[in-house]
Amino acid sequence: MFLVSVVLVFFLAIEKKTSIEEEVFPSPYLFQKNPYANVIKDRINEINRQLLFLEYDVRIPQKNLNSKELENIIFSINDPRAKKIAVKRIWKYWWGYGVEEITFKIKHIEIRWYPKIHFSKAAQITFGEALYKALNGEESYFYPGKADKDIIKNISEKYKVLIYY
């Protein structure tokens, strides 16, 4: 009897069990971009600008603000208790380096600068020149002329530059 039970356990342990494998695909929503991401970033930045004004009485202009001007404003604050940090996220492209984002921290307040391009019919520069300026830390205006807006949108998404029409 013992021998029969050992043989049965041996055959049951070795017997191949058929396993069912299912391929699980990720949710299609995983790859979609949040359409409100830029609005959320702008709103958070606005709240932090208000905090900076309340704490240090420093006004930061909304438009046409270059990264160097913002850096000068942040580092000109006289508070010996506050630690001032500038964190720059730089990407290396085939043509050189470009700024993706600059985060200025002073105490608990974080103000972010993103490269931005504004659409204007009065602008004299092209999209390429405006993109180059934005990736070098300047906000600028451009006029696309007869250029395709979908191509401009795709290029700006690739380089992570915000376009305001």
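In which helix is Val7 found? Val7 belongs to helix H1, residues 2-14. The model is predicted: local features need pLDDT of at least 70, side-chain atom pairs count only at pLDDT 80 or more, and totals for chains, interfaces and linings use all residues. Residues are numbered from 1 along each chain as its sequence is written, and side-chain values use heavy atoms, with hydrogens and water left out. Helices (H or I, at least four residues) and strands (E, at least two) are DSSP runs, numbered from the N terminus.

Val7 is partly exposed because its relative accessibility is 36%. Partly exposed lies between buried, under 20% relative accessible area, and exposed, over 50% (1.4 Å probe, protein chains only). With Leu3, Phe10 and Phe11, Val7 forms a nonpolar surface patch of about 450 Å² accessible area together. Patch residues have over 30% relative accessible area and no salt bridge; nonpolar side chains (Val, Leu, Ile, Met, Phe, Trp, Tyr) are joined within 5 Å, like charges within 9 Å. A salt bridge puts a side-chain nitrogen of Lys or Arg within 4 Å of a carboxyl oxygen of Asp or Glu. Areas come from the Shrake-Rupley method with a 1.4 Å probe; for residues, only the protein chains shown count as cover.

Lys107 is not a glycine, yet its phi is positive, at about 55 degrees. Lys107 sits in the loop between strands S2 (96-106) and S3 (109-113). Lys160, in the loop between helix H5 (149-158) and strand S6 (162-164), has a positive phi near 60 degrees.

A cavity is a set of points where a 1.4 Å probe fits but cannot get out; a pocket is an open set with protein on both sides within 12 Å along at least five of seven lines; lining residues have an atom within 4 Å of a point. Points are joined across faces, edges and corners, and a volume is the space filled by probe spheres set on the points.

The largest cavity has a volume of about 40 Å³. Its lining includes Asn45, Arg49 and Glu139. Helix H2 (37-56) and S3 each supply at least two lining residues.

The largest pocket holds about 670 Å³. Of its 19 lining residues, the closest to the centre are Lys33, Asn38, Glu157, Val161 and Leu162. The second largest pocket holds about 210 Å³. Asn45, Arg49 and Glu139 are among its lining residues. H2 gives the largest share of that lining, five residues.

Methods
On a 1 Å grid over the protein atoms alone, a cavity is a set of points where a 1.4 Å probe fits but cannot get out, and a pocket is an open set with protein on both sides within 12 Å along at least five of seven lines; lining residues have an atom within 4 Å of a point.
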